[in-house]
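These are my notebook entries on a single model, kept in the order in which I looked things up.

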Amino acid sequence: MNCSHTPEVAAAANQGLQQLIEGNHRFLRGEARFPTVCKETLADLARGQQPFATILGCSDSRVPPELIFDANFGELFIVRVAGNVISPEVLGSLQYAGAHLRTPLFVVLGHEGCGVIKAALETKLDGHQHRSRIQTLVNNILPGLPDVNSRIPLEEQLTGAVEANVRWSIHQILETEEGQDAMKAGAKFVGAVFEIASGQVRLL
């Protein structure tokens, strides 16, 4: 994620974040523009892409970043995996976004009611073991979960765990040399949670 020209990168990151916020506001108002594409746009995109933001999100079918941010073709570089977990493959995709696409803004997008986060809580609180590959996802999430008070309502436990997992993903990204270099160059790393019931994206 090697970026240069710090003032320009920082300004582009802030502008990109504002675009995402405004897009979500249009989505909430029922004024979304997506998709608006013509043959000329597709012809331009065929020559290359210049997304203004990279989104690491969950695979959940209810959380499509292009729709909830009202973004058009070519505007977002999206990596989706259950629980927005970090893996070598995910880090490779993020590295590509920074090094080759020069996206100045990286957003980790969790969402309320995330099933794999619920599975991680079941393992943390009750020692429940899931199917092998699901457990691999869970094991990736567990180090970022704080101690949980099992006496509070499950919904509150899950909300806290979703937020903690977003922060954990960002922490892992920023532990990499590329993440640190990007931060020094002015790139922005933002955590957010999509509230499915309302459609609102809440920045952390």
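I looked up Asp-70 and found it buried, with a relative accessible area of 3%, where buried means under 20% relative accessible area, with a 1.4 Å probe and protein chains only. The model is predicted, and I kept in mind that local features need pLDDT of at least 70, that side-chain atom pairs count only at pLDDT 80 or more, and that totals for chains, interfaces and linings use all residues. Residues are numbered from 1 along each chain as its sequence is written, and side-chain values use heavy atoms, with hydrogens and water left out.

I placed Asp-70 in the loop between helix H3 (65-68) and strand E2; helices (H or I, at least four residues) and strands (E, at least two) are DSSP runs, numbered from the N terminus. Its phi is positive, near 50°, although Asp-70 is not a glycine. Most residues other than glycine have a negative phi. I noted a second case in Asn-84, also not a glycine, with a positive phi of about 40°; Asn-84 sits in the loop between E2 and H4 and, at 2% relative accessibility, counts as buried.

I checked Phe-194 against Asp-70: the two are 124 residues apart in sequence and 14 Å apart in space, C-alpha to C-alpha. Leaving out residues up to four places away in sequence, I listed the contacts of Phe-194, among them Phe-27, Arg-62, Ile-68, Leu-109, His-111 and Val-201, contact being heavy atoms within 4.5 Å.

What angle do helix H5 and helix H6 make where they pack? I read about 75° for H5 (residues 115-126) and H6 (residues 132-141), with their axes 9 Å apart; axes are lines fitted to C-alpha atoms, for helices over the stretch in contact, and angles run from 0 to 180 degrees between N-to-C directions. H5 and H6 are therefore roughly perpendicular to each other, a term for angles of 65 to 115 degrees. On the H5 side I recorded Val-116, Ile-117, Ala-119, Ala-120 and Thr-123 in the contact, and on the H6 side Gln-135, Leu-137, Val-138 and Ile-141.

H5 is followed by Gly-127, whose phi is positive, near 75°. The buried residues of H5 include Leu-121, and what covers the buried residues of H5 includes H6 and helix H7 (154-174).

In H7 I looked up Gln-157, which is buried, with a relative accessible area of 6%. Its contacts, again without residues up to four places away in sequence, include Leu-121, Leu-125 and Asn-149.

Which residues touch the most other members of the largest nonpolar core? I found Ile-117, Ile-141 and Phe-189, out of 32 residues; such a core is a set of buried Ala, Val, Leu, Ile, Met, Phe, Trp, Tyr and Cys residues joined through side-chain atoms within 4.5 Å. H7 gives the largest share of this core, 6 residues.

Technical notes. Angles under 35 degrees count as roughly parallel, over 145 as roughly antiparallel, 65 to 115 as roughly perpendicular and the rest as oblique. Buried means under 20% relative accessible area, exposed over 50%, partly exposed in between (1.4 Å probe, protein chains only).
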